[in-house]
Amino acid sequence: MLDFDRDEETLAAYDRMTAHELFLRCGVSQRLVDDFLKPTLLVGLFKPPEELSAAVTMELLYFYALAHQTSFDVRWLRKGTVPTTLVQPLVAHLVEEYGLDVRGNTFAEGLSMSANGRISAVRCREKGGSPYDIADLDGVVLALGAGGMRAVMQGSPEVAKRCPTLARAGAAKGIDCIACRLWFDGYVATETPANVLSRFEGLRGAGGTFFMIDQLQPDQEALWGGEQPRGSVVACDFYNGGALFSLSDEEIVRLLSEELLPAAVGGFKSVRVVDSYVKRFAGAVTWFSPGSYASRPTLETPVPNLVCAGDWVRMGEREHGAKGLCQERALVSGFEAANSLARRGVLGTSSRKEREVIPVRDDEAQVKAGRQAAKLVAALARPFGLQSPWVR
């Protein structure tokens with residue numbers, strides 16, 4: 001933990017190794033892997049240790065499990081949904097206050113480059129419509145996952161040639177996820193409202209979580225669409241869920257309500273599902289696979305007015321303490337992308353104001369001292385050809 005990020009070269013070396021191999025080299029017990037590390041990684045990075053970069057695994061374990069234990073907890077909206085409570089009011093504010101033009105059901109298909117080496121237009125297509133260009137651009141932020149990046153780069157040969165890192169990023173693979181919601185005809189008591197499912201044969205290698213929304217949201221009528229509440233409402237998610245994609249919606253609901261949930265909490269044996277929905281998201285989440293670090297997009301690109309944002313973006317000197325599959329990291333990268341355009345004058349002389357980015361709290365004193373000691377030992381050992389005992 002003290003060694004893996006002492007410099008860029010070492011971080012890249014850890015990234016080429018799987019987390020499983022690192023655990024073996026460090027002598028981590030099988031029980032610790034099975035009971036804690038694997039379940040944590042399946043719900044934290046959505047893949048098992050043998051399919052994850054050791055470097056990103058260490059970042060996640062440090063950020064979530066070691067450095068910020070008192071800060072990490074599940075948060076849930078008091079009422080409503082993310083679209084209705086957060087996104088729609090934000091969009092309305094930006095439209096009314098700043099004249100923002102928001103285009104739903106619209107996909108970016110390519111970027112056009114002008115003779116001066118800047119992005120001059122974004123080619124878009126509304127669902128079911130014809131392609132059109134958004135031109136006269138000051139700057140462009142690519143806030144895309146691997147699938148979106150691949151589609152845009154396929155339609156942007158000049159940009160792909162100029163920015164090979166973006167072309168490589170488009171070749172990355174995503175992780176399949178499934179989201180379910182179940183309404184029951186009775187209330188079930190649980191020790192905690194947020195829970196992890198692991199090591200069940202029915203998961204087929206997936207990680208799972210379930211959240212007791214009736215315990216997290218006080219507005220029970222809203223959970224039942226204005227009807228009289230009848231019981232618990234449970235949100236269930238599957239990560240690394242490709243093996244479950246072939247199941248029908250009905251079979252997934254049966255798996256949860258009759259097998260997984262009753263095995264986790266006995267109270268689910270005495271209630272039945274009265275309503276449900278299942279949604280599938282193929283390749284929707286970043287897969288931090290071994291060796292993927294070099295292919296992740298960078299905050300700034302060789303094109304002056306083109307920047308990137310997202311949890312997988314490498315931020316270089318602007319790197320932040322939030323790591324892994326993390327909404328905080330995605331948000332910070334968005335701030336930094338906009339700050340980069342403003343700082344370099346891309347948006348014009350009147351738009352150079354930058355947004356303050358709040359850092360995570362400092363490492364504890366023993367961690368700082370340990371990292372300094374690790375760097376010193378590595379520097380002293382390098383002239384003798386000695387390398388890290390865990391990675392090469």
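Buried means under 20% relative accessible area. Keep that cut-off in mind for the opening stop. The model on screen is predicted.

**Stop 1: R371**

Select R371. R371 lies in helix 13, which covers residues 365–381. Is R371 buried or exposed? Its relative accessible area is 15%, so R371 counts as buried.

Now show the side chain of D363. A polar contact of 2.8 Å joins the side chains of R371 and D363.

**Stop 2: the largest nonpolar core**

Nonpolar side chains tend to be buried together in soluble globular proteins. Select L111, L142, M153 and L306. Of the 47 residues in the largest nonpolar core, these four touch the most other members. Then colour helix 6, residues 146–154. Helix 6 gives the most to this core, with four residues.

Zoom in on L111. Which residues does L111 touch? Not counting residues up to four places away in sequence, the list includes I119, A121, V122, V140 and L142. V152, M153, G155, S156, V159 and L306 are also touched by L111.

Move on to F210, C236, I252 and V271. These belong to a second, separate core of 25 residues.

**Stop 3: the second largest pocket**

Highlight helix 5: it gives the most to the lining, with five residues.

**Stop 4: the largest cavity**

Rolling a probe the size of a water molecule over the atoms shows where empty space is left. How many cavities of 30 Å³ or more does a search of the whole structure find? There is one. The largest cavity has a volume of about 50 Å³.

Select A172, T286, W287, F288, S292, S295, R296 and W312 to see what lines the largest cavity. By class, that lining has four nonpolar, three polar and one charged residues.

Methods:
Residues are numbered from 1 along each chain as its sequence is written. This is a predicted model: local features need pLDDT of at least 70, side-chain atom pairs count only at pLDDT 80 or more; totals for chains, interfaces and linings use all residues. Side-chain values use heavy atoms; hydrogens and water are left out. On a 1 Å grid over the protein atoms alone, a cavity is a set of points where a 1.4 Å probe fits but cannot get out, and a pocket is an open set with protein on both sides within 12 Å along at least five of seven lines; lining residues have an atom within 4 Å of a point. Grid points are joined across faces, edges and corners, and a volume is the space filled by probe spheres set on the points. Ala, Val, Leu, Ile, Met, Phe, Trp, Tyr, Cys and Pro count as nonpolar, Asp, Glu, Lys and Arg as charged, and the others, Gly among them, as polar. A nonpolar core is a set of buried Ala, Val, Leu, Ile, Met, Phe, Trp, Tyr and Cys residues joined through side-chain atoms within 4.5 Å. Buried means under 20% relative accessible area, exposed over 50%, partly exposed in between (1.4 Å probe, protein chains only). Helices (H or I, at least four residues) and strands (E, at least two) are DSSP runs, numbered from the N terminus. Contact means heavy atoms within 4.5 Å. A polar contact is a pair of N or O atoms within 3.5 Å; within protein, one must be able to donate a hydrogen and the other to accept it, and residues adjacent in sequence count only if both atoms are side-chain atoms.
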